[in-house]
Amino acid sequence: MKAEFFVCSKRFFNRRALTAGGSGAFLAFEPSPAETRLHAGAVAGHAARGAASLLRFLLVLALTFLGLMAITFFIGRVIPIDPVLAVVGDRATQEAYEAARERMGLDRPLVVQFLSYVGDVLRGQLGNSISTGRSVAEDLGRVFPATLEMATLGIIIGVALGVPMGVIAATRQGSWVDQVIRVLGLLGYSVPAFWLGLVGLAVFYAGLGWVAGPGRIDIFYDGLVDPVTGLYLVDSLIAGEPEIFWNAVSHLLLPASILGFFSLAYIARMTRSFMLDQLGQEYVTTARVKGVAERRVIWRHAFYPIRIQLITVIGLSYAGLLEGSVMIETVFSWPGIGNYLTTALLNADMNAVLGATLVIGSVFILVNKISDVLYRVLDPRARR
Amino acid sequence: MSAVREWLLDDSPSSRLQASFGRAWRMFSALLRNPLAVAGMLIILALIAMAAFAPWIAPYSATGQDLANRLVPPSAQHWMGTDELGRDIFSRVVYGARITLMIVVMVAVIAAPVGLVIGAVSGYFGGWADRILMGVTDIFLSMPKLILALAFVAALGPGIENAIIAIAITSWPVYARIARAETLTFRDAEFIAAVRLQGASAMRIILRHVLPLCASSTIVRVTLDMAGIILTAAGLGFLGLGAQPPLPEWGAMISRGRNFILDQWWVATMPGFAIILVSLGFCFLGDGLRDVLDPKQRENR
C-alpha cells in the first residue's frame, strides 16, 4: 500500500503529509472574492453563508470528478496510439477497422467523445471487460465489498493502536517508547507493502500456522453463505454460521493487519505531533498547576481538541488503504478491486482498468473531501 | 585545511561564490550534527557507490545463469543466495542500485522543475492563471497516486521509461503547491518590486529571483518523497509493469521470488531489505535536511 501503497503511499502519504500535516493551512479554502464581499457586507446570515459554501463544495467536488474523468478519458482514448487496433487486432481488414472505428465513435471530435464518455460514466456504463466478458460495472460491484471489508478492518486496527501509541509517544517524549514508535512510523514510509505481505505469509501462515493463507475463505466454505452485503464477516453472521465467520476472520486477519500497520504508522505519527502541540499550550500547564490528574490532563484537556484533526487524518488514511489494498490484494489473491485492477492491467483490458481507476479514484476523492468538510464543520476555528 | 575553513566561515565574504560556499558549508555541518541524517547520507552514498562501481563490487554477473547452483541458500560464496536461474542475488541487488538510482533521479529531474514552474507562475501572476493552474493541480492532488501511475503505465505499456513518466506525472503537483505557497510569501516583497522597476521581464523574475528561493523547501520535499518514489517504482516492477526481466530491478526480483517464498525465503526477502534500507536512508536525510533548511516545518521532538 505504501506506495505504493503507502507509498506509500506513498504516495499518498506524502500528499497527506502535505494536506494534513502541521497547521492544516492547506485544508482551509481561501475565501473567494464573492465570499469576501459577503463578509464585508455582513448582510448574509448564517443560512446564506452555509448554502454558499455548500454550493461551492459541490462545485469543487463536481469539477474534481470531471477532472478524474478527463484523466481516465485521456488515458483510455488519447495515449494509446490506436485504440481501434487494440480492439480489432492488427490483422483486421480495412472495412472491419473502419467499422470498429465508427462504432467506437472515434471519428468524432475529441470534445464530443469526452462528453459522451462522461454521459456513459454517469449512467454507470463502463463498457465490457475483455477478460471476464461481463460489464465492468457489474464486476466492480462484485469485487468492491472484499476490498471494503479488508480496508475497514485495516483502519480499525490502525486507529485502535495508532492513536494510543501517538498519545503515549507524545507524553513520554524522548523515551524508548517514543523512539520505537518513531522507528515504526519511518518503517511505514519505507517498507514495500507487497514485500511485507509476502514475508507475513511466509512467517504467520507457512511458518507459525497462526492464520489462514491467501484468498478470502477456505475453498470448501466457498459459496455456502448467501451474499447479502458481500462482506463475508457480516454475511456469515447473518446466516448464523460461526464456523464460516471464524474461517473468514483467519483469512482476513493478516492482510488487514498489514494494511493496518501502514495506517498505524501514519496515524501514530500525526497523533504524536498534534498532541505535542496541545501539551505545549498554556491551558494544559494551567490544568496541571490546578492539580488535575495527569491522566485527565492528557485524555481530556489535551486529547479533546485534537479529535477533529484526527478525523481528517483517519479519513485520508482510510482512502489511502483503499488504494494501498492494490498491492496487498495481489499478494494475498484477495478477490477485491485491487486484484481486479492488476489482472486487467496484465491482460491489457483497458475498460476494466479505467473502470477500476474511476471507482477507486472517486471513493478516494469523496473520502478526502468529506473529511475536509467535516474538519471545517466541526472545528470552530476553521469556520468563517 | 583551517585556511579553507576560515575562508568558508568568513563573516563578510568578498565574493558571491564565497558566500554561497560558506552557506553550503554551514548547512553541511549542521547536518553532520544530526546522527540520523548522517546515517541517511551514508546509506545514499553507499547506494551511489554501488551504482557507480557495480562491476567491481558485484562478485558475479547480474544476468549470468548458473543452473547447477539454483536456489542456493545464503553462504560465503553467495552472500544472499542464488535465484531460480542460479544468478547471485547479491550481485543483482548491487546492479539494481543503478536502476533505482536512475528512477529516483529521473523522476526528480522531470517532476520537480515542472511543479516549480507551474507553482511559481501561478503564485506570481495570480488571478485566472492561478485559478486554472491550481485547479488542475488540486485535481491531480486528490487522485490516488499509485492507481493513477498504474493506469498511465497500462496505457503507455510496461517498461522502465514509462514507469518513470507515470511516476513523474503523479509527483509534480506537490511541488507546484509548495512553489506557489513560497511565491506568495515574497511576491510583494521589495526586492521583487525593485527588479521589476529595473525592467526585468516576468520570466526573468520567476526564473532568476523567485525559483531560487523556492529551492530549499523543494529539495526537502523531493528528498522526503524519494522513499515513496522508490516504493512506487518497486511496486510497478513487482506487478510486472516496470523494469522488465532480466533487468535486476528490486521490485521485479521480489516478484520472481514470490513463488519460492515458502521454501527459499531469501530470493524474495533480500531485495526487499535493499528497498527498505534505501527508503529509510532518504527518509532520514529528508528529515535532517528539513530541520536545517526549513526550520518552520520542524517537527516537535
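This is a predicted model: local features need pLDDT of at least 70, side-chain atom pairs count only at pLDDT 80 or more; totals for chains, interfaces and linings use all residues.

The helices themselves (H or I, at least four residues) and the strands (E, at least two) are DSSP runs, numbered from the N terminus. Two residues are in contact if their C-beta atoms, placed from the backbone, lie within 7 Å.

Residues are numbered from 1 along each chain as its sequence is written, and chains are lettered from A and ligands numbered from 1 in the order in which they are written.

With that in place, consider chain B, where helix H5 (residues 89–125) and helix H8 (residues 160–186) pack at an angle of about 35°, their axes being 5 Å apart. The crossing of H5(B) and H8(B) is right-handed, a term that applies when the near helix is turned clockwise from the far one by less than a right angle, anticlockwise being left-handed. The residues of this contact divide into 24 nonpolar, six polar and two charged, where Ala, Val, Leu, Ile, Met, Phe, Trp, Tyr, Cys and Pro count as nonpolar, Asp, Glu, Lys and Arg as charged, and the others, Gly among them, as polar.

Stepping back to the whole chains, chain A has 15 helices and zero strands, and chain B has twelve helices and zero strands. A residue is called buried if 20 or more other C-beta atoms lie within 10 Å of its own, exposed if 12 or fewer, and partly exposed in between, with C-beta atoms placed from the backbone. On that count, buried residues make up 41% of the 384 residues in chain A and 46% of the 301 residues in chain B. The C-alpha atoms of chain B fill a box of roughly 75 × 55 × 35 Å, taken along the principal axes. Of the contacts in chain A with a separation of 6 or more, 71% are between residues 24 or more positions apart, and in chain B the corresponding figure is 67%.

How do the two chains meet? In this model, 55 residues of chain A are in contact with 46 residues of chain B. The largest share of the side of chain A that touches chain B, nine residues, comes from H15(A), and by class that side has 36 nonpolar, 13 polar and six charged residues.

Leaving aside residues up to four places away in sequence, A:Leu354 touches A:Thr72, A:Ile75, A:Gly76 and B:Ala151.

Next comes H9(A), with 15 residues, which should span 21 Å at 1.5 Å a residue, and whose end C-alpha atoms are 19 Å apart, which agrees; the expected span is 1.5 Å times one less than the number of residues. H9(A) bends by about 25° at A:Leu201, the bend being the angle between axes fitted to the seven residues ending there and the seven starting there. A:Leu201 is also one of the buried residues of H9(A), which include A:Phe194 and A:Trp195.

Seven of the eight residues of H11(B) are buried, so H11(B) is largely enclosed by the rest of the structure. H12(B) is mostly covered as well, with 24 of its 29 residues buried.

I will finish with a loop residue, A:Ser333, which lies between H13 and H14 of chain A. Is A:Ser333 buried or exposed? A:Ser333 is exposed, with 11 other C-beta atoms within 10 Å, and its phi is near 45°, a positive value in a residue other than glycine. Most residues other than glycine have a negative phi.

How values were computed: Axes are lines fitted to C-alpha atoms, for helices over the stretch in contact, and angles run from 0 to 180 degrees between N-to-C directions.
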